[in-house]
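Dear colleague,

Please find below the structure for your review. A summary of the findings follows it.

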Amino acid sequence: MDNRLNVTYITFGGHVEVHKYRYLYFVIMFTMYILIISCNVIIVCIIMIQKNLHEPMYIFIAALLMNSVLFSTVIYPKLLIDFLSEKQIISYPACLFQWFSYYWLAISDILLLSIMAYDRYVSICNPLKYTTIMQKTTVNIFLISAWILPACLFSVGLLLIAKKEICTFHLKGILCNTTILTLHCVMSRILNIYGVLSFVTFLFLPLLFILFTYARILVVSYRCRGVRKRAAQTCLPHLLVLINFSCSNAYDVLLPRLELDSPKIVRFIMTVQFVIYSPLFNPIIYGLKMRRINNHLKKLFFRMLRGVQLLS
C-alpha cells in the first residue's frame, strides 16, 4: 500500500527466474507481439479494403482478428515492462482493469467463434437460405452482441470483485486473471457461483453449440462430395484452435476455485501459451487458409518485392 497516494500495489510472483532470463523473455515476447499485431492488422486491412471480401464470413474473421489485437495490447505491454523491471508490480485498479479486459475479450472470442460456426453451418447446410439469413442487419446484431454481452457480464463481476476486501498482495501468476480471487480475505460464495455460471453460459454452452454445428457440417460433407474438401479444410483448423482455447480457459477459470497448487513453471507455461497461441495463429488459420485472402496477400507481397527491387 502506497500511503502517500493511497494506491494498493499487487506483486506478481509467477515469473520463472525473470532476473536471470529477463532479456530473453523480453526479446521473445516483443517479437511475438510485433508478429501478432502485424499479421492481424494486415489481414484486417485487406478485408476492409477489398470489396470482394465484404461478406459475413470475412467480416467475422476481421472482428476475431481485431479482438486478438486488443487482447494482446491489454497483456503484452505490461508483460514487457515487468520483464525489464526489478519488481513485477501493478496497482490494484489497473489489475482489475486488466482482469476485465482479459475476460471480456476472451469471451467475445468464443462468441465470435460460435457465430462463425453458425455462419458456416448455414452456408454449407442451407446454402439457398444463406443470403436471407445472413443479412447485413443480422451480421451487425451478431457483432454487437459478441462485444456488448461479455462487457455487461464482466462489468457485474468487476463490481463484485472491487467491493471485496483484500488481505494478500501477492499473485501467483504473471497477469491479472482469475488468480485475483486469491487476494480476498474470504473466498466469496457469490463470486464462485457467478464464475461457474459464467463458465457454463459463455464457454461450455457455446462449445457445445460449435461442436453440434460442425458435426452437422461433417455429416452433410460426408453425404455430398462437392463440399467435402472445403468443409474439412475449414473445420479441422477451427476445431484445433477451439479445443486449445477451451482447455486453456477451463484451466484458467477452474484452477483458483478448485484451490489446486500447481507448480509455478506449469502456470507460467499455460499462461504464456494462452497469450501467444490464439492471437498469433488465428490470422494464419482464418486468414491464410482462406483462398481469397491468400490471393490478396500474395499480390501484396509481390508488390512489396517489386518495390524493393526498384529501390535497389
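**Findings**

Helix α1 (residues 18–49) bends by about 40° at L24; the bend at a residue is the angle between axes fitted to the seven residues ending there and the seven starting there. Helices here are DSSP runs (H or I, at least four residues), and strands are likewise DSSP runs (E, at least two), numbered from the N terminus. The model is predicted: local features need pLDDT of at least 70 and side-chain atom pairs count only at pLDDT 80 or more, while totals for chains, interfaces and linings use all residues. Residues are numbered from 1 along each chain as its sequence is written, and side-chain values use heavy atoms, with hydrogens and water left out.

Among the buried residues of α1 are R22, Y25 and M29, where buried means under 20% relative accessible area, exposed over 50%, and partly exposed in between (1.4 Å probe, protein chains only).

The whole structure holds four salt bridges, each defined as a side-chain nitrogen of Lys or Arg within 4 Å of a carboxyl oxygen of Asp or Glu. One of them joins E86 and R22, with the closest N and O atoms 3.9 Å apart. This pair links distant parts of the chain, 64 residues apart: E86 sits in the loop between α2 (56–84) and β2 (89–91), and R22 in helix α1. E86 counts as exposed because its relative accessible area is 61%, whereas R22 is buried at 7%.

In helix α2, K78 and D82 lie four residues apart, about one turn of the helix, and their side chains form a salt bridge (3.0 Å, N to O). D82 is buried, at 1% relative accessibility.

Yours sincerely
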